Amino acid sequence: MLKKMSALFLSLLLAFSVLSVSPAYAASKGSEGTPTSGVRSADPNHAVGQYNTVNGGGMSPNATGLIATIGLDLYRGSGNTLILDGTTNGTQVLNKIGFQDISLQRWQNGQWTNVKVWSTYKNDSSSYSYEYSTTVTPGYDYRFVATHYGELDWLFIPSIETHYNETSYLHVG
Amino acid sequence: MRCDNEDIRIIKKILSEEKLDGKEKINELRAQIYAELHKPDDEMDCDLIDENIRTLFLLEGGEYDDHVDAEAGLKKARKMAEERAKAAQPKLKRVMQNRFMKPVLAACLTLVFLFSANAIVAHATGNSLLDSVVKFGRNYISFDFTQSNGRTASGQETVSENDALYQELVKKCKEFDLSPLLPKSLPQDFKILNFGQQNFKIKKNLSIDLGNNSDLITINVDYYYDRNNISIVKAPETSDYDKLDIHGIDVYLMKKSDTYVSVFNDGNYVYNVNSSLPYDETEKVLKSFDY
């Protein structure tokens, strides 16, 4: 009788242990669920911009022709660090070149939420290479979105060209 | 006009009843005079002005006798008031009243309109109005107002081996422990307009602008510490491109407005090279890239 009771007690204890671990594991994989928009990165450490042209791909001619190529990449650094690698190349020396509304986004409550939004530019340059790193809260999917920006001022009419870009997302957890 | 007893009586009454400081009253009377002088002739109350002047003389201890020419005094006061009003006018208004302003303004507006129209056309089509060729009737006369963007500065220079510039670029890159492909052939009057280098966590970046007064080549080179981070160069998704070969490396070349844009990587460095030279010269420059 005692043996049976002990066996039952141990079984219950084991079952309880397994059950308590499973939710924690599920949480670590993203209790927010899988994002319903955006592209999951195939590489867990490197998310590529969906509209990058620094490596060819979507390059296309356009009437304004201020921006030559663009690049936006997200890398996993050590720990919970994310690194943004951005490039905006102009076709000539532009009065203003850079990135408008760079957003670090996290998938939360069924949508992409902006964790931080900012812009950065360079004056009188033909290109702008930009890097930004930050530590994020683990347990979420993250991505960067940005608008590549180029402006040429001539007399009173500025000529402006913008291109939207977004990286695929990767999980930090 | 002499002061009579009635005048003196009124002044005394004013001073005693209102118990005003004499100075305040003087200022008030002067203000009334100036206000009347600013009115149009048909609205001006000359009797009030005259009365106020008489009162002022009395208050200030003077006499308002016959020999005082009230009309001359009025004219003088009016002229002073007009000068003060003119000086108080905003400068712009005075300038605008100048008779030459209208034709000058018309000329300026015409020039602004022409430049704006040219900018709008250039923005929309990429071609400037000033590039137009003008034809007159049967006898064909053509005017080419501008130099084509594609020509090098002197119009005669062609791309050839520019060893001095190439060696200078190699030396500058080595200062940052970098040795990418660099162009051996460039127009002889080209110089380094800008040389920038940045160190990031993921990569090192070089930004080089080469050119003269009219032509420009920009070279952007990235060296990734982890070669796995170098993306494979893909063909553009449009058919409007050329594919060149540099030492077995695929180079994709496309035209954007007046610039030729190219991308390639050699496994160590990722290159974005833009050129405002004509196609054949751009091709020659790209094919001359070497270590």
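This is a predicted model: local features need pLDDT of at least 70, side-chain atom pairs count only at pLDDT 80 or more; totals for chains, interfaces and linings use all residues.

Reply: Residues are numbered from 1 along each chain as its sequence is written, and chains are lettered from A and ligands numbered from 1 in the order in which they are written.

In chain B, seven strands build an open sheet with antiparallel pairing, in the order β4-β5-β6-β10-β9-β8-β7. Strands (E, at least two residues) and helices (H or I, at least four residues) are DSSP runs numbered from the N terminus, and two strands pair if DSSP finds at least two bridges between them. The edges of the sheet are β4 (191-199) and β7 (242-246) of chain B; each has a single partner strand, so one side of each is left without a neighbour in the sheet. On average, neighbouring strands of this sheet are turned by 15° against each other, direction ignored. Within the sheet, β5 (residues 203-211) and β6 (residues 216-224) of chain B pair in the antiparallel sense over nine bridges. Leu210(B) has Ile217(B), in β6(B), as its bridge partner.

Helix α8(B) lies across β6, β7, β8 (249-256), β9 (259-265) and β10 (269-275) of chain B, and runs at about 35° to β7(B). Here axes are lines fitted to C-alpha atoms, for helices over the stretch in contact, and angles run from 0 to 180 degrees between N-to-C directions; two residues are in contact if their C-beta atoms, placed from the backbone, lie within 7 Å. In this helix (residues 279-287), Glu281(B), Thr282(B), Val285(B) and Leu286(B) are buried. They cover an arc of only 135° around the axis, which puts them on the same side of α8(B). The arc is that of the directions from the helix axis to the C-beta atoms. A residue is buried if 20 or more other C-beta atoms lie within 10 Å of its own, exposed if 12 or fewer, and partly exposed in between, with C-beta atoms placed from the backbone.

As for the contact between the chains, 33 residues come from chain A and 38 residues from chain B. On the side of chain A that touches chain B, β3(A) gives the largest share, six residues.
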